[in-house]
Each structure stands twice: as C-alpha cells, then as structure tokens.
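Hi everyone, thanks for making time.

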Amino acid sequence: MTNDTDTIDNAEEATGSETARYEKAYRETRRALDESIEALAILEEFEEDTDMRDQIALKRLEFETARSDLARANIAFHTGKSTMRPPSPELLSQIMALSKQAVELTVEKATAAAVVKIATSALNKFAEVQNIG
C-alpha cells in the first residue's frame, strides 16, 4: 500500500459511501474466490490426468489461502490495524463484473484456466483497495 492521501487508516475515518464501496468490493471479491474455489474443486475431482489434477489442487489451495488473507485484511481494517484505499465506483464495477463472471463459470462447464484467470483478476483488483498478503 502506498502512503497517499487517499489511504484511510481505519473504518471510523471512512465516510459512509467509502465504507459501503469497500465492503461491497470485499464481498464481491470473496464471492469470486468462493465460486472459483468451488469450480476448481469440481474440476479437480473429475480431472483424469494426475499432473493436471495436482496443478488444479495447488491453485485451489492458493485461492483458499487468499480468501483467508482477504478476511483477515477486512478484520484488520475494521480494528484499525490495516489501511485501505476506498475503491472508486469504476473499480467497484470491475470487481462486481468479475464476481458475476465467476458465478457464470460455476454454472457453465468452465476450464481451470478460465476460473484461475477470473479469480486472479478479482484479487488483483482488490489489491488496489487493500493489501491482503
């Protein structure tokens, strides 16, 4: 995170609209991860190639870790232990679109590469709001 004037140190310093956008970005990123993890678990189960199954399992585990990090970052912000940069309405729209795509991939028969691309994009977009690593 950079130390610029747009960074907010804790939830009490954020306006209502900034907090609402932050929470929406958090929930939609979490939703994208949840959907991606579910899709990868299904793909992993049905994958016949052991090397590919292992690769899918590793990506699923990475996203499970990222989901835990995301939740911890959200709690840290609300307890004043982490900063965030309020997402712009445009960034929020991008995150919401990625979340929607993740849901659609779960419904369709998605490839692991498509799922990984969307989940990674969602995490990268949220990284503009808050450091989760």
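What you see is a predicted model, in which local features need pLDDT of at least 70 and side-chain atom pairs count only at pLDDT 80 or more, while totals for chains, interfaces and linings use all residues. Residues are numbered from 1 along each chain as its sequence is written, and side-chain values use heavy atoms, with hydrogens and water left out.

pLDDT is the predictor's confidence in each residue, from 0 to 100. The protein averages 90, and 95% of the residues score at least 70. Helices here are DSSP runs (H or I, at least four residues), numbered from the N terminus.

Now the packing. Two packed helices are described by the angle between their axes and the distance between the axes. The axes are lines fitted to C-alpha atoms over the stretch in contact, and angles run from 0 to 180 degrees between N-to-C directions.

Take α1 (residues 16–46) and α4 (residues 112–127): their axes come within 9 Å and cross at roughly 160°. α1 and α4 are therefore roughly antiparallel, a label for angles over 145 degrees. Among the residues that meet are Y22, Y26 and L33 in α1, and V115, L123 and F126 in α4; contact means heavy atoms within 4.5 Å. By class, that contact has 15 nonpolar, two polar and no charged residues. For the classes, Ala, Val, Leu, Ile, Met, Phe, Trp, Tyr, Cys and Pro are nonpolar, Asp, Glu, Lys and Arg are charged, and the others, Gly among them, are polar.

How do α1 and α2 pack? Their angle is about 160°, with the axes 9 Å apart. This contact divides into 15 nonpolar, three polar and nine charged residues.

For α2 and α4, the axes come within 11 Å and cross at roughly 20°. That makes α2 roughly parallel to α4, the word for angles under 35 degrees. The contact involves I56, K59, F63, A66 and L70 of α2, with partners in α4 including A112, V116 and T120.

Finally, G80 sits in the loop between α2 (50–78) and α3 (89–107).

Definitions and conventions:
Helices (H or I, at least four residues) and strands (E, at least two) are DSSP runs, numbered from the N terminus. Angles under 35 degrees count as roughly parallel, over 145 as roughly antiparallel, 65 to 115 as roughly perpendicular and the rest as oblique.
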